[in-house]
Amino acid sequence: MTQLTGNERAKYVQGMFTRIAKRYDLMNRLMTGGQDVRWRKRVIELARLDNNASLLDLGTGTGDLAREALSAFPKAKVVAADFTLEMMRVGRRTSPLDFSTADALRLPFGDLSFDAVISGFLMRNVIDLQKALDEQYLVLKNGGRIVILDTTRPKKNILSPFIWLHMHFVIPTLGGLLTGSRDAYRYLPETTEGFVTAEDMALRMAKAGFQKIGFQRFMFGTIAIHWGEKVLEDGGSK
């Protein structure tokens, strides 16, 4: 699955999320022991929103991050965007968010549209990571913030064998039982191990033009939250 490239991989990812959409949120709770709820709250904190903010939740899935943002800032303008229709359909049953169909590599929004762009478990699935970062940079206003929650390639340590067992056996088995799609949950460890390190992600963010970049690791180094700002002295766009 991880050997797929280009449109072939994009179609596989879209089909995969369509198959698991109904149990996606439940699996996230179980895989992380409920820690993903805390991580999402941290993403909203790092976005530094207020009630006048405009926010893009990119790769929103069922809308967990968007709902977290509106819970904290009810008057903010929040757009929840994804390219898998079934994920948004499932999310709409929970609450009527402002859902929008969007490809992370060709965002259908104008430049300088948002005060913040956030994402949860999106970036390892895009077929061109640098292009996705460039697109998010463009739609951010000057002074706007990007916050990325995703898996990251863990460093080798004494817990590595247990992490490998959890990712390659526990998660696929649980995913297969709950969703009937074991392949989808083999994709998770494969993409995590093949994804960039936290340090590499920071470098790619800098290449896109972001400044004041930082990151924090969680869950034995398998999860990271990255943040950065679009800072231009002349107030223009890249």
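## Helix H9 and its end

A helix is here a DSSP run of H or I with at least four residues, and helices are numbered from the N terminus. In this predicted model, helix H9 spans residues 198-208. H9 is followed by Gly209, whose phi is positive, near 115°.

## The two sides of H9

Five residues of H9 are named as buried: Ala198, Met201, Ala202, Met205 and Ala208. They lie on the same side of the helix, because they cover an arc of only 115° around its axis. Leu203 and Lys207, by contrast, are exposed on the other side of H9.

Which elements cover the buried residues of H9? Among them are helix H6 (129-139) and strand S5 (140-151), together with strands S6 (211-218) and S7 (223-229).

## Val170 in helix H7

Helix H7 comprises residues 160-179, and Val170 is part of it. Val170 counts as partly exposed because its relative accessibility is 36%, a value that falls between the cut-offs of 20% for buried and 50% for exposed.

How far apart are Val170 and Met31 in sequence and in space? In sequence, 139 residues separate Val170 from Met31, while in space their C-alpha atoms are 8.7 Å apart.

## A nonpolar surface patch

Ile158, Leu159, Phe162 and Phe220 make up a nonpolar patch on the surface. Together, these residues have about 490 Å² of accessible area.

Ile158 is classed as exposed because its relative accessible area is 74%, and the cut-off for exposed is over 50%.

Conventions: Residues are numbered from 1 along each chain as its sequence is written. This is a predicted model: local features need pLDDT of at least 70, side-chain atom pairs count only at pLDDT 80 or more; totals for chains, interfaces and linings use all residues. Side-chain values use heavy atoms; hydrogens and water are left out. Buried means under 20% relative accessible area, exposed over 50%, partly exposed in between (1.4 Å probe, protein chains only). The arc is that of the directions from the helix axis to the C-beta atoms. Contact means heavy atoms within 4.5 Å. Patches are made of residues with over 30% relative accessible area and no salt bridge: like charges are joined within 9 Å, nonpolar side chains (Val, Leu, Ile, Met, Phe, Trp, Tyr) within 5 Å. Accessible areas come from the Shrake-Rupley method with a 1.4 Å probe; for residues, only the protein chains shown count as cover. A salt bridge is a side-chain nitrogen of Lys or Arg within 4 Å of a carboxyl oxygen of Asp or Glu.
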